[in-house]
Amino acid sequence: MVVRAAVAGASGYAGGELLRLLLTHPQVEIGALTGHSNAGERLGALQPHLRPLADRVLQPTTAEVLSGHDVVFLALPHGQSAAVAEQLGDEVLVVDMGADFRLEDPADWEKFYGSPHAGTWPYGLPELPGARAALEGSKRIAVPGCYPTAVSLALFPAYAAGLAEPEAVVVAASGTSGAGKAAKPHLLGSEVMGSMSPYGVGGTHRHTPEMIQNLGAAAGEPVSVSFTPTLAPMPRGILATCSAKAKPGVSAASLRDVYEKAFADEPFVDLLPEGQWPATAAVYGSNAVQIQVAHDEAAGRIIVISAIDNLAKGTAGGALQSMNIALGLPEDTGLSTIGVAP
Ligand SMILES: NC(=O)C1=CN([C@@H]2O[C@H](COP(=O)(O)OP(=O)(O)OC[C@H]3O[C@@H](n4cnc5c(N)ncnc54)[C@H](OP(=O)(O)O)[C@@H]3O)[C@@H](O)[C@H]2O)C=CC1
Ligand SMILES: CC(=O)N[C@@H](CCC(=O)OP(=O)(O)O)C(=O)O
């Protein structure tokens with residue numbers, strides 16, 4: 001089986017990481033690569049680490065250029081995917097790495113993104129209950145946001161098992177690539193190096209409704225999430241520290257048992273041995289997710305910490321994993337759990 005794949009947004013961070021993975025996928029043949037301001041540019045000038053594609057030239061992001069492929073990945077800014085997707089027809093698999101089709105409630109979309117809601121597609125976080133079945137054979141996939149990936153994987157088992165009160169508190173640190181390639185003043189090297197800083201505080205971050213959606217579905221009741229993102233002086237990685245009040249009767253042993261069962265058959269999620277803690281360096285460039293749980297008995301809280309690479313499992317790896325499922329390929333094809341260290 002040969003899968004001809006086009007990548008829109010090939011000049012960006014998410015598109016670049018996706019191409020790095022696609023180059024090792026045995027079934028994938030890389031077709032059209034598109035950009036926006038960089039259309040006409042050699043990919044080698046923009047993504048110098050993608051040596052086999054160095055002489056490919058970026059085309060403009062149009063439906064005409066993207067048609068004729070089996071899969072089209074859209075790694076475009078929020079709000080740009082819908083217009084392209086609707087021109088691609090129903091037969092092609094469209095994998096949107098942006099936010100446009102993640103949320104179910106149009107009011108959430110309008111509040112956090114400030115534009116009309118485009119719709120809702122099957123959600124590309126296969127580890128969530130019922131997600132694989134929705135992805136199998138699907139022609140549309142909404143890849144989750146990077147923070148919701150880390151946080152949903154950390155907390156859904158506790159909520160699905162009824163161990164946690166429905167008020168989660170999350171503080172997560174992200175590497176700077178999460179913000180994309182476009183220059184932003186708060187991402188200047190002199191601002192980021194040697195410092196950590198919060199942003200999107202007080203329930204304002206657009207990933208909050210996505211986390212609420214996922215955890216509420218797992219719990220079967222509304223779950224509130226107080227989410228505080230922080231920027232860390234590293235290019236990649238997310239470390240999410242998640243907690244919720246434990247329901248009566250929860251113990252360290254019952255908590256661990258639930259997490260062991262939840263992830264026993266997951267190819268990419270590692271519940272670490274007791275005493276070992278997740279670290280972003282361990283998942284650098286890898287599709288693996290590290291998770292550890294603790295019961296803070298004195299505070300009566302469940303603590304779950306997760307680490308992912310925001311560009312790998314948090315975007316491009318998650319997109320490829322979901323593509324494999326949709327096409328009926330082995331889920332781990334083209335995806336490595338081997339990191340780069342130190
Ligand atoms: N970075 C991350 O960790 C994550 C990113 N994502 C999502 O992936 C998508 C891409 O993000 P990322 O790669 O980080 O962003 P970048 O800013 O690095 O890349 C954006 C890409 O989109 C293209 N582009 C910009 N404006 C337009 C436009 N108006 N129409 C069509 N194409 C356009 C750019 O082309 P050009 O350079 O030629 O102008 C570039 O290829 C976003 O929706 C983001 O939210 C999701 C999860 C995590
Ligand atoms: C560090 C940083 O700025 N991170 C980004 C998260 C990007 C991401 O996951 O994605 P989507 O834009 O696809 O939702 C942010 O907080 O906005």
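Q: What share of the chain is helix and what share is strand over residues 4-136?
A: The model is predicted. Over residues 4-136 the chain is 27% helix and 17% strand, with the end C-alpha atoms 18 Å apart.

Q: Which domain does UniProt list for residues 4-136?
A: The unreviewed UniProt entry gives "Semialdehyde dehydrogenase NAD-binding" for residues 4-136.

Q: Turning to aromatics, how many aromatic pairs are found in the whole structure?
A: The search finds 5 aromatic pairs. One of them joins Trp-109 and Tyr-113, which is stacked because the ring centres are 3.9 Å apart and the planes lie at 5 degrees.

Q: Where do Trp-109 and Tyr-113 lie?
A: Both belong to helix H5 (residues 106-113), 4 residues apart, or about one turn of the helix. Both Trp-109 and Tyr-113 are buried. Another pair, Tyr-259 and Phe-263, is tilted, with 6.1 Å from centre to centre and 55 degrees between the planes.

Q: Are Tyr-259 and Phe-263 buried or exposed?
A: Tyr-259 is buried, at a relative accessible area of 0%, and Phe-263 also counts as buried, at 4%. The two are 4 residues apart in helix H10 (residues 252-263), so about one helical turn separates them.

Q: Which residues form one aromatic cluster?
A: Phe-156, Tyr-259 and Phe-263 do.

Q: Now charges: which ring does the charged end of Arg-140 sit over?
A: The charged end of Arg-140 sits over the ring of Trp-121, 5.5 Å from its centre. Likewise, the charged end of Arg-236 sits over the ring of Tyr-284, 5.6 Å from its centre.

Key: Residues numbered from 1 in each chain as written. Chains lettered and ligands numbered in written order. Predicted model: local features only at pLDDT ≥ 70, side-chain atom pairs only at ≥ 80, totals over all residues. Heavy atoms only, no water. UniProt positions renumbered as here; feature names shortened; annotations may be inferred. Phe/Tyr/Trp six-rings, centres within 6.5 Å; stacked < 30°, edge-to-face > 60°. Buried < 20%, exposed > 50% of the residue type's maximum accessible area, 1.4 Å probe, protein only. Lys NZ or Arg CZ within 6 Å of the ring centre and 35° of its normal.
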